[in-house]
Amino acid sequence: MEHICKITGMNSSQQKKWPLFHSLLTGNLVRNEIELSSDKLSEEIMQFCSLQETTDEIQERKEAIINHLKKRFNRKFSGSKLTAFGSSESGLGLKNGDIDLCLEFKGEKPKKVLTKIARMLREDGMEDVTLIAHAKVPIVKFIDSRTKIPIDISINNSLAIYNTSLLKLYNDCDVRVRPFVLSIKNWALHRGICNAAYGTFSSYAWTMIALQFLQSCNPPILPNIQHGENRILKEVEGTTYDLTMNDNPNELLKLENKSNIGQLIIDFFDQFSKEWPWDENVISLRSGKMISRKEKNWEEKKPKLIDALIDENKLRLGKHSLPVEDPFDHLHDLSRVLRTEGVMDIREEFLRAYNVLCDGGSWSELTKTKFPELVNDSPQTDLFEDLRDIPKQDLIDKLE
Ligand code: CTP
Ligand code: MG
């Protein structure tokens, strides 16, 4: 007989899948204190980060692909402009991150342009060319056949170019920003909670969460770059946005925070597992601190998490489950992609991370890969790796 918990209503397989979160809900979670030396963790994280630097070879190849595509698009879509954005431009990317490209072009409807691009890329021999036409921002995804680097192309996604500039400015504020953001992204990626298509947060949303933490630690490591007297309003794709970005962000900070990266990571998991911020708040980078759900008018809509989970009709989770406001598009809640199981996983993973740290855990234990198939860990760091097992004559033919 299936055992249904009287307190939560969760069945036994659900209790088994999210054991720590279930214990938290029933009041049975045993909490130790983290007594870890932050120095060891810092060392491990810095070593991990040093492995995330892209090699000159990959960088050159990335630039070559972008230049090649620029020429291709210029011929086909006269007057168009191709711009790189996302983490490869902000500097907040993992080594195996994708290249995000935006084609600004006014002549035809975006979906029509993307269909043409997809056809062209297939003709060019690119791999896994996929058109995702129904997303909020339609894109063509493909993999560069030589380097295996994943590439996304979107049309007139101009706001993303601005938010990339904002993220780059944050990255430039302090040397700890990059290792901190990469650590959170890497943890989320390897623990299976960084995939908007599967109902967890996007990589971009995790970046917001990480940066907000650095804005609200004491004393803050990051200022609010969108703070300033002279507001800059611009029209982007028919809507006016406030795109103010402060020129001297570091002047906004008064005191110096001396924590090392290991300590910041410990504090991050300590905070999220003890005081779940989303019960009352919205992550809001442009405010420089979390703001209340009430003030934002983003109350959690029904069905709420556990109700949606135990409902036999598999209801879709209500809006604003873990709200994260986009820094420029204030109406956009980055948590709208979340699904019930995804939020359960996110809660469980925060509690797991805390326990790993309590047990004196290492960085590799903290970021142990849960679903290897979701982690792209093997792009071509060596461009000729795939040619090594090929007989010599075939190799000569291939290179020609
Ligand atoms: N973006 C956005 N709104 C979203 C998701 C993404 O504006 N809801 C923009 C951001 O500029 C983001 C970029 O699209 O940086 C690329 O998204 P993605 O590749 O998912 O994130 P990255 O920040 O590039 O991270 P990764 O290193 O994982 O590629
Ligand atoms: Mg990207």
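In helix α7 the buried residues are Ser158, Leu159, Ala160, Asn163, Thr164, Leu166, Leu167, Tyr170, Asn171 and Cys173.

From α7 I move to helix α9. Eleven of the 14 residues of α9 are buried, so the rest of the structure largely encloses this helix. The buried residues are Ala205, Trp206, Thr207, Met208, Ile209, Ala210, Leu211, Gln212, Phe213, Leu214 and Gln215. What covers them? The cover includes α7, α8 (177-190), α10 (261-274), β8, β10 and α13 (340-358). From its first C-alpha to its last, α9 reaches 20 Å, close to the 20 Å expected at 1.5 Å a residue.

One residue of α9 illustrates the setting. Threonine 207 belongs to this helix and, at 3% relative accessibility, counts as buried because the cut-off is under 20%. Which residues does threonine 207 contact, leaving aside its neighbours within four places in sequence? They are Leu92, Leu167, Val181 and Lys185. Leu167 is also among the buried residues of α7.

Let me now turn to the strands. An open sheet is formed by three strands in the order β9-β8-β10, with mixed pairing. Its edge strands are β9 (291-292) and β10 (324-325), each of which pairs on one side only. Strand β8, residues 281-284, runs parallel to β10 and is joined to it by two bridges. Within that pairing, isoleucine 283 has valine 324 of β10 as its bridge partner. Helix α9, residues 203-216, packs on this sheet and touches β8 and β10, its direction making about 95 degrees with that of β8.

Elsewhere in the chain we find strands in the antiparallel sense. Strand β3 (residues 127-132) pairs in this way with strand β4 (residues 139-143) over four bridges, and isoleucine 132 stands opposite isoleucine 139 in β4. The two strands form a hairpin with six residues between them. β4 also pairs with strand β5 (residues 150-155), again antiparallel, over five bridges. Here isoleucine 143 has proline 150 in β5 as its bridge partner. The hairpin of β4 and β5 likewise has six residues between the strands, and in it lysine 148 takes a positive phi near 65 degrees.

Aspartate 98 has 22% relative accessibility and so counts as partly exposed, whereas aspartate 100, with a relative accessible area of 12%, is buried.

Finally, a word on confidence. The protein chain has a mean pLDDT of 92, and 94% of its residues reach 70 or more. Over residues 380-389, however, pLDDT stays under 50, and the model has 17 contacts beyond four places in sequence for that stretch. Where pLDDT is low, the predicted coordinates should not be read in detail. Thank you; I welcome your questions.

Notes: Residues numbered from 1 in each chain as written. Chains lettered and ligands numbered in written order. Predicted model: local features only at pLDDT ≥ 70, side-chain atom pairs only at ≥ 80, totals over all residues. Heavy atoms only, no water. pLDDT = per-residue confidence, 0-100. Contact = heavy atoms within 4.5 Å. Buried < 20%, exposed > 50% of the residue type's maximum accessible area, 1.4 Å probe, protein only. Pairing = 2+ DSSP bridges. Axes fitted to C-alpha atoms, helices over the stretch in contact; angles between N-to-C directions. Expected span 1.5 Å × (residues − 1).
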